[in-house]
Each structure stands twice: as structure tokens, then as C-alpha cells.
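Let's walk through this structure together as a set of questions and answers. Please bring up the sequence and the 3D view before we start.

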Amino acid sequence: QVQLVESGGGLVQAGGSLRLSCAASGRTISIGNMGWFRQAPGKEREFVATISWSGSSTYYADSVKGRYTISRDNVKRTMYLQMNNLKPEDTAVYYCAAAQYRGRPVSRSDVADTTYDYWGQGTQVTVSS
């Protein structure tokens, strides 16, 4: 089993930045691609970004492209989401997710939450206008 714990959320003004972390523990050797999702009040959970096991392949939702950067440090077993130029519409609970290792780069299929096998509990990000 794999456990994921997010941290780094909080309250920030529009235009500000936050860095989210997702720490993995347990059977982390089985982890492959990882991703971030978010869910705003009254809305469905949506894809934000994904990264391959090596970190060489990434993919972003159009709404965050150019503002967010996903990265990972496999030695530290941690994934990150650097969020810059935050907007009020970025307010949501952010979840990290991990898929079992399949040895492939990210693809459009990684936007589907069914791709992932493990989920964190989420961290709240609130952007004030």
C-alpha cells in the first residue's frame, strides 16, 4: 500500500504563490506517474497536472498552464506543485494521486482520475481577490 499526504495549502491573495507538497510512504517502489487534482465547492474534481516517474514528462490542464509547475524528487519520495499568479478561481481542495508503475510517459489518459490508484486527503487552497 501507498500513503500520500499533502501539505502547503493556505490562504493567499490573488497574484500570490503557494507550493504544495505530496509526501509518499509505504510501498513507494510501486509508484509510477503522479498527478494533482482539485475540487472546488459545488464542482466535480478536475485534473490539474501530471508527471511521469522520471519527471521528464509532464502535462497540464489549460487553466493552469504557464502558472503551475509540477515536479518530483524520488529520493525524497515527494511531489510538488508550484503555483504562481494564483486567481480566485484556483480556490479548491487540492489532491495528489499516484498510479502504479507502468513504465510509460504521461499521456492524455492521465487526466482521468480512474488512472490513479492512490489518493491523498487533500489540502485547502483559498485565493482571495
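Q: Which residue forms a disulfide with Cys22?
A: A disulfide is a pair of cysteine sulfur atoms within 2.5 Å. The sulfur atom of Cys22 has its partner 2.1 Å away, and the structure holds one such link. The partner is Cys96.

Q: What sort of model are we looking at?
A: Residues are numbered from 1 along each chain as its sequence is written, and side-chain values use heavy atoms, with hydrogens and water left out. Local features need pLDDT of at least 70, side-chain atom pairs count only at pLDDT 80 or more, and totals for chains, interfaces and linings use all residues, since this model is predicted.

Q: How far apart in sequence are the parts that the pair of Cys22 and Cys96 ties together?
A: The link of Cys22 and Cys96 is right-handed, with 55° about the S-S bond. Cys22 lies in strand β3 and Cys96 in strand β9; strands here are DSSP E runs of at least two residues, and helices are H or I runs of at least four, numbered from the N terminus. The parts that this pair ties together are therefore separated in sequence by 74 residues.

Q: Is Cys96 buried or exposed?
A: Burial is judged by relative accessible area (1.4 Å probe, protein chains only): under 20% is buried, over 50% is exposed, and in between is partly exposed. Cys96 is at 0%, so it counts as buried.

Q: Which cysteines are in contact with Leu4?
A: Contact means heavy atoms within 4.5 Å. Leaving aside neighbours within four places in sequence, the residues touching Leu4 include Met34, Tyr118 and Trp119. Also among them are the cysteines Cys22 and Cys96.

Q: Which residue forms an edge-to-face aromatic pair with Phe37?
A: Rings of Phe, Tyr and Trp (its six-membered ring) pair if their centres lie within 6.5 Å, with planes under 30 degrees apart counted as stacked, over 60 as edge-to-face and the rest as tilted. The structure holds six such pairs, and in this one the centres are 5.4 Å apart with 80° between the planes. The pair links strand β4 to the loop between β9 and β10 (118-119), 79 residues away. The partner of Phe37 is Tyr116.

Q: Which ring has the charged end of Arg45 3.9 Å from its centre?
A: A charge sits over a ring if NZ of Lys or CZ of Arg is within 6 Å of the ring centre and within 35 degrees of the ring normal. Arg45 lies over the face of Tyr95, at 5.9 Å from the ring centre. At 3.9 Å, the ring is that of Trp119.

Q: Which side chain has a polar contact of 2.6 Å with that of Arg38?
A: A polar contact is a pair of N or O atoms within 3.5 Å; within protein, one must be able to donate a hydrogen and the other to accept it, and residues adjacent in sequence count only if both atoms are side-chain atoms. Arg38, in strand β4, is buried at 5% relative accessible area. Its side chain has a polar contact of 2.9 Å with that of Asp90. The 2.6 Å partner is Glu46.

Q: Which backbone nitrogen lies 2.9 Å from a polar atom of the side chain of Thr91?
A: Thr91 is in the loop between β8 (78-83) and β9 (92-100). The backbone oxygen of Pro88 lies 2.9 Å from a polar atom of the Thr91 side chain. The nitrogen in question belongs to Val127.

Q: What is the phi of Asn85?
A: Most residues other than glycine have a negative phi. Asn85, in the loop between β8 and β9, has a positive value, near 50°.
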